[in-house]
Amino acid sequence: MRDWIMGFMGKYSIGILLTFVLLASVMLYAFPVVSIITGTKGITRDNFFLTRVAIWGVFLLIFLYSLFVEKESFLLKKESPYPIAFYIKTIFYLYLICCIGGAVLNVMIQEKVSDKLLELNFIFKNDYFLIIFTSFTAGTVEEFLMRGYIQPRIERIYNSPLVGILVSAILFGILHSTYGTISQVVIPFFIGVAFAMFYKLYSNIKILIICHFIIDFISLMAMNFIDIKQLSVF
């Protein structure tokens, strides 16, 4: 029995490590690899689009890992149904918490916009498909992997909901460090904690996906019309 439990925990640990390593690799090396494949140097609209496709590839690999190696459901927590009114109210409050908390942290840190965000800014100009696809990719893949996959498995390994919340939020923050500023780690960590606490309490990944999508969509749309130097992007 002990060997069976340890075997499962080992598979969970490998899956968590694999998820983080693959996502970090995409964040760090997707652009250089895509540039070599396409023969186009620098950050272009097409190259950026392909890096988002690569993120979906990571999601597919982890889904297959859960299916064929762990031989368990990708989402260990059963989805809890709620009425539409709960969706609307909760998404509004979560969005408000993330915006206010992000704004306060941004003021406290007082950091200039990263060079990478400045480089990315121009590719979103009037490209509404790319804005929607990018927001949908971030909202869906990141929530499924960070909250849906990693959080409950860490909770099982350590038998602690608090560890599941904190570790998933820390990993979420670290993955955003590729943007090159402290605020792009601290703010995602804060959002990760808020989202992880919600997922622990209410077991509904769909609400988090929608809220994450809205946060990114509004931020990217704002980049389209406002000088990015005056904007804090989540």
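R156 is partly exposed, at 40% relative accessibility; here buried means under 20% relative accessible area, exposed over 50%, and partly exposed in between (1.4 Å probe, protein chains only). This residue meets E72 in a salt bridge, side chain to side chain. The term salt bridge stands for a side-chain nitrogen of Lys or Arg within 4 Å of a carboxyl oxygen of Asp or Glu.

This is a predicted model, where local features need pLDDT of at least 70 and side-chain atom pairs count only at pLDDT 80 or more, while totals for chains, interfaces and linings use all residues. Residues are numbered from 1 along each chain as its sequence is written, and side-chain values use heavy atoms, leaving out hydrogens and water.

Searching the whole structure gives 7 salt bridges. Here are some of them:

| Pair | N to O distance |
|---|---|
| E72 and R156 | 3.7 Å |
| E79 and K206 | 3.0 Å |
| K200 and E155 | 2.7 Å |

Let's take the table pair by pair. E72 and R156 meet in a salt bridge. Because E72 sits in the loop between α2 (45–70) and α3 (84–109) and R156 in helix α5 (residues 128–158), the pair ties together parts 84 residues apart in sequence. Helices are DSSP runs (H or I, at least four residues), numbered from the N terminus. E72 is partly exposed, at 23% relative accessible area.

E79 pairs with K206. E79 belongs to the loop between α2 and α3 and K206 to helix α8 (residues 205–225), so this pair ties together parts 127 residues apart in sequence.

K200 pairs with E155. K200 is partly exposed at 28%, whereas E155 is buried at 17% relative accessibility.

Note on methods:
Helices (H or I, at least four residues) and strands (E, at least two) are DSSP runs, numbered from the N terminus.
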